[in-house]
Amino acid sequence: MALGSALCGALATILIQRGLQRSNFYAGAWINVVVGALAAWAATLLIVPWQSYTWRAVPYFVFSGVVGTAGGRLFRVLAIQKVGAPVAAAVNNLAPLVATGLAILLLGEHVTPPILGGTLVIVAGTILLSLSGRYVGFRARDLAFPFIAASCFGTVAIVRKLGLSTAGPLFDAAINVTAALVASTTFVAASGNLGSLHCDRRSLAWFIGGGIAENSGVFLVLLALGGGNVSVVIPLAGTAPLFVLGLAYLFPVETGKLNWRVLAGVVLIVLGVALLSRR
């Protein structure tokens, strides 16, 4: 399930990047969440008996939806637009590093050799990606967007795990993405960008496909976390950037977005996340 989530996440990244060629990140992020809300509630109403609707999980997944799904996906789509799919996927994969850092700072967890080693490898990979910017067409400061997305996803990791202890993954996913839809719509309306949600049919098709893939991946992660250990699920789900590299090579969207620095940086970050998850 975790590997399936990684593949879904990689496919979503490529599809969103194609949609962004003729549209903007507001439309991409909003359509992504709309697709998720429709799919999650359709599946929940068809599969989950109403007696299993455990409302105790709602606060956990409202927070997760607003911070992780709405905020994280908005910055994720913006990151794909700014730095390209492979780099965005690699830096977005730093969510476990954020979660670990918060656990050390807030929960008093100790720094272990795997944490230190994984962090150093991730830093090396991030430096390579930063240096690659001028060669593949983005500014080093644009890496802030995927970093913010990773911070959003990492912050809610523990909250989602707590929520899964009170309800099933499908109902939780529906609550999560509904909160994200409300937050995303409010943000777009408040920023005066409702007109930016318009896009042509081709972009709409790419965004819908990306939304289906993205939300399938989220559900698979929730399902995997509900029945497995975080230390096993996260490293497997964290291989998404490697799938993105393969898909970007097979289905190129932009020329000049891949070089040895990008390849090496992505691989180092994936290895670093794997080390970090063995803490």
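Predicted model: local features only at pLDDT ≥ 70, side-chain atom pairs only at ≥ 80, totals over all residues.
Reader: What makes up the chain, helices or strands?

Author: The chain holds 13 helices and 0 strands, and from the N terminus on its elements run α-α-α-α-α-α-α-α-α-α-α-α-α.

Reader: Why are helix 2 and helix 3 called oblique to each other?

Author: Helix 2, which covers residues 25–47, and helix 3, which covers residues 58–83, pack at an angle of about 135 degrees, with their axes 9 Å apart. Angles over 145 count as roughly antiparallel, those of 65 to 115 as roughly perpendicular, those under 35 as roughly parallel, and the rest as oblique. Helix 2 and helix 3 are therefore oblique, and their crossing is right-handed.

Reader: Which residues make the contact between helix 2 and helix 3?

Author: Helix 2 contributes Phe25, Gly28, Ala29, Asn32 and Val33, while helix 3 contributes Arg73, Leu74, Val77, Leu78 and Gln81. Sorted by kind, the residues of this contact divide into 6 nonpolar, 3 polar and 1 charged.

Reader: What share of the residues of the chain count as buried?

Author: Of the 279 residues, 51% count as buried, the cut-off being a relative accessible area under 20%. As for the surface, the chain exposes about 12,600 Å², and carbon and sulfur atoms supply 70% of that area.

Key: Residues numbered from 1 in each chain as written. Heavy atoms only, no water. Axes fitted to C-alpha atoms, helices over the stretch in contact; angles between N-to-C directions. Helix = DSSP H or I, 4+ residues; strand = E, 2+ residues; numbered from the N terminus. Left-handed = near helix turned anticlockwise from the far one by under 90°. Contact = heavy atoms within 4.5 Å. Nonpolar A, V, L, I, M, F, W, Y, C, P; charged D, E, K, R; others polar. Buried < 20%, exposed > 50% of the residue type's maximum accessible area, 1.4 Å probe, protein only. Areas by Shrake-Rupley, 256 points an atom, 1.4 Å probe, with all protein chains shown as cover.
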